[in-house]
Amino acid sequence: MMLFIDTQYTDLGDGELISLGMVSKNLKHEFYAERLDFNRDACSESLKAKIFPLLGKTPDAQLTDSQLSERMYSWFGSLPQKITLAGYSLVELNLMWNAFNGKIPSNQFTDYYLRKLNKSRDFHEGIEKYLELEGRSPYHALDAARAKQAGWKAWEISHREWLERYNQKTKFL
């Protein structure tokens with residue numbers, strides 16, 4: 001199973017998780033949470049203006065750090081054993097790993113960095129099309145995870161033959 005992940009976090013340096021969104025490639029599994037106990041003073045005015053208005057609008061998504069860890073652990077327990085986590089960067093994936101607070105689920109994880117697709121017009125157009133058509137924000141973690149999934153699907157359609165050959169060799173997806 002492939003999961004697209006997006007995080008919103010306090011400014012770089014020792015970035016602290018604000019929100020986390022994950023969506024499966026087939027769109028059947030979604031996870032969204034917002035941390036209640038992050039350091040709001042560690043956010044720039046720009047970050048506050050873009051992200052803060054989007055917080056608090058999803059029922060049951062506001063969690064403390066420990067509640068987030070427990071909910072994530074439980075959610076991953078309901079998923080297939082083998083999971084490929086698709087995020088833009090190591091920072092983003094590390095923020096997710098850190099949110100487990102040391103209690104890592106038993107799934108087998110592989111990381112895939114979507115930055116590899118940065119030069120792909122199909123990938124970026126898929127993201128932009130999703131955000132525009134659905135009226136979504138790239139600053140909302142679940143919206144951005146869904147947009148990455150849409151970008152991947154657009155890229156996948158245009159590279160289907162190559163992917164089939166690659167998957168036969170590697171059993172990637």
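Leaving aside neighbours within four places in sequence, which residues is Met22 in contact with? In this predicted model, local features need pLDDT of at least 70 and side-chain atom pairs count only at pLDDT 80 or more, while totals for chains, interfaces and linings use all residues. Residues are numbered from 1 along each chain as its sequence is written, and side-chain values use heavy atoms, with hydrogens and water left out.

With contact taken as heavy atoms within 4.5 Å, Met22 touches Phe4, Ile5, His29, Glu30, Phe31, Trp75, Phe76, Met96, Leu142 and Ala145. Met22 is also among the residues with the most contacts inside the largest nonpolar core, along with Leu20, Phe31, Leu68, Met72, Phe76 and Met96. That core has 20 residues; a nonpolar core here is a set of buried Ala, Val, Leu, Ile, Met, Phe, Trp, Tyr and Cys residues joined through side-chain atoms within 4.5 Å. At least two core residues come from each of β1 (2-9), β2 (17-24), β3 (30-35), α2 (65-77), β5 (82-87) and α3 (90-99), where helices (H or I, at least four residues) and strands (E, at least two) are DSSP runs numbered from the N terminus. Another core, of 17 residues, lies apart from it and includes Val23, Ala145, Ala147 and Trp155.

Strand β2 also holds Ser19, which counts as buried because its relative accessibility is 1% (buried is under 20% relative accessible area, exposed over 50%, partly exposed in between; 1.4 Å probe, protein chains only).

As for the loops, Asp60, between α1 (45-51) and β4 (62-63), has a positive phi of about 65 degrees although it is not a glycine. Asp60 is exposed, at 60% relative accessibility.
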